[in-house]
Each structure stands twice: as structure tokens, then as C-alpha cells.
Amino acid sequence: MNSKWLFAGLLGLTLGCGEMTNNNDGGTGGTAGRDGGSAGAGGTAGTGGTAGTGGTAGTGGTAGTGGTAGTGGTAGTGGTAGTGGTAGTGGTAGTGGSGGSSGLLLNEVRINPPVVDTPYEFIEIKGSGAIPANTYVVTVDGDSSGTGRINVMHDLSGLTFGANGILLIKGSLAMCPGVPSATTVVDQPRFDLDGGAIQNGSESLILFQASAPLTGVTVGTTTFPTLDAGVTVLDSVSWKDGDATDVTFGPAGNQATVAAGTPDALLRTPGNNTPNSGTAWVGGDLIGSSSSVTFIVDAGLPTTTVVTPGHPNDMAPSSLACP
């Protein structure tokens, strides 16, 4: 399998407190904790907590059906929350992290613009509201000459999505077509480097949340596997240039299928919000100038598909065009 991935252990803490009755009512078969806690059928509530059917709540936590909450955490159906974390349906959250569906997704990337790369590369992310602390997006080298090297890293902590739910990371040059005011735009200086920053070989684009702020990272030198402690991958997509010795990073199944070689651009198929899935993406080569948004039609790519920097993805006939 041409994928490398190291996950850190995620903390799933279950903290029960004080299994005794003190001025509280216990439900059928349950035991109520003291200081205002109550137990539902078959559940056990800790100090100040409330347990749902079959659940166990730790100090100050609330457990949903079949879930377990750690200190200060909230567990969704079938989920487990670590200290201060929130777990979505069927997800597991580590300390301060989010499990299950985070609502953050990679949306589009221009990798190898026609003619020259600089400064026409960009990364697009979609979501809503403010981005949680310690959230990063990176590109990771998969070529044998630089395996695992981080080529681009952007700290997304505290950034807020625009009204259209899109955040665009780009170089200093104005985008063609023009970016709507409803889009949040942030500059990434590495996209202004001569030759661009996303290398034109095998590469992985990874959106992740760390358990603490990352320090000591040197872009162009530090490798992604060294960041494994406390990292939760929210979304990823990868591509290969055809070299059999190259690798991809992130969860298995995140490699996009393109006709041949490194694609010029990739975009998430509208309506397909499956994270870490290569089949959620389409792409290929672009025709025209460096700012072109027009694909050369590859197998399986609709003729109307264009790259849409800062705009919602569009596979229907579009008025967006650049020379």
C-alpha cells in the first residue's frame, strides 16, 4: 500500500464520580451521583452530570445514547469525548480535539498552472464560522527525493469563513476570475516563491488539527510523520505522478484518480462531502495561460468543469473564464 500514516493515540477518558445517593433520585436500575446529578435507566451519573440511556457521564459531562463523556466533554450518539473535546456521531475526540464530522473540508487546489506556477497556485477550504485553534493545512512531498517533506503549511487557527463558506489561500497576485467579497482571502507567501510551492510531482494535501500549537516546524525541511503526536486528520487528498516508488500520506483511499501524471488542478465534486476520499475529487490538466481555469477534458471530466478560485465549485456551464 503506497500510503504512510501515523496516528497519535486519541484520549478517550471516562471519569465517573461518587456512586452514592445524596438528596437525589435514581432512575430504574441507575445510581444518582450527589450535588444535583440524576441517572437515567441503567446509567450512572457522576458529580453534576447526567447520564442518558446506557451512558456514563464524568465530572460535568453529559453522555448521549451509548456514549461516554470525559471531563467537560460531550459525547454524541455512539461517540467518545476526551478532556474538553466533542465527539460527533460515531467519532472519537482526543484532548481538545474534534471527532466525527468537523464541517471543515478541502475544496479545491491548483497545483501546476500552465506556463508558470508563480503566483497562481492556491488552496481552497470550505466550512462555516470560526476555525478551531491548532488547525493547519499542509502539502506533503511524496517523491522519493523528498518523502514526507512539508512544502506548504498554513495556520488556520481563528480564521473565519466568508458568507459563502469559502476560505481561499493564495499568493499576492489578484485572482482571475475576481474573488467575490463573500469569500475570506488569506495570503500565503510561499505561493509567491519562484517556481511555486506545491511541487509538481506526487503530493498530499492534508487538513488537520493538532492537540497543541505546532512549534519548531521548518517548511521545506520538517517531515509530516514527525508531527504525528496529537494530530487528527480532518480531510485529505493526494495525487501521484506515475512513479512507482512515490508514496502518499493521510488515510487510505484519499488518492484522486486522474488520467495521467500530476494534475494541474483538483476540485471537490459539488455535493460530495466525503472526507479523505479520492473519489470525491475530479481534475486534470488546464489549457491556456497561468491563470487559466479551463480544463482539458480528461476521461470522466465533464466538458463544463472549470476551476473556481473563491467561488463555489461548479461542474455545470459556467460564466467563469480566464485567458
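Tutor: Here is a walk through the ring pairs, one pair at a time. Keep in mind that this is a predicted model. A pair of aromatic rings is described by the distance of the centres and the angle of the planes. Going by ring centres within 6.5 Å, the count here comes to 2 aromatic pairs.

Start with Tyr136 and Phe208: their ring centres sit 5.7 Å apart and their planes meet at 25°, so this pair is stacked, the cut-off for that being under 30 degrees. Tyr136 belongs to strand E15 (residues 135-141) and Phe208 to strand E19 (residues 203-209), so the pair ties together parts that are 72 residues apart in sequence. As for burial, Tyr136 has 4% relative accessibility and counts as buried, because buried means under 20%. Phe208 comes in at 0%, so Phe208 counts as buried too.

Now stay with Phe208 and turn to its other partner, Phe224. Those two rings have centres 5.7 Å apart, but their planes are at 65°, so the pair is edge-to-face; the cut-off for that label is over 60 degrees. This pair also links distant parts of the chain: Phe208 is in strand E19, while Phe224 is in the loop between E19 and strand E20 (232-239), 16 residues away. Phe224, at 2% relative accessibility, counts as buried.

Technical notes. Residues numbered from 1 in each chain as written. Predicted model: local features only at pLDDT ≥ 70, side-chain atom pairs only at ≥ 80, totals over all residues. Heavy atoms only, no water. Phe/Tyr/Trp six-rings, centres within 6.5 Å; stacked < 30°, edge-to-face > 60°. Helix = DSSP H or I, 4+ residues; strand = E, 2+ residues; numbered from the N terminus. Buried < 20%, exposed > 50% of the residue type's maximum accessible area, 1.4 Å probe, protein only.
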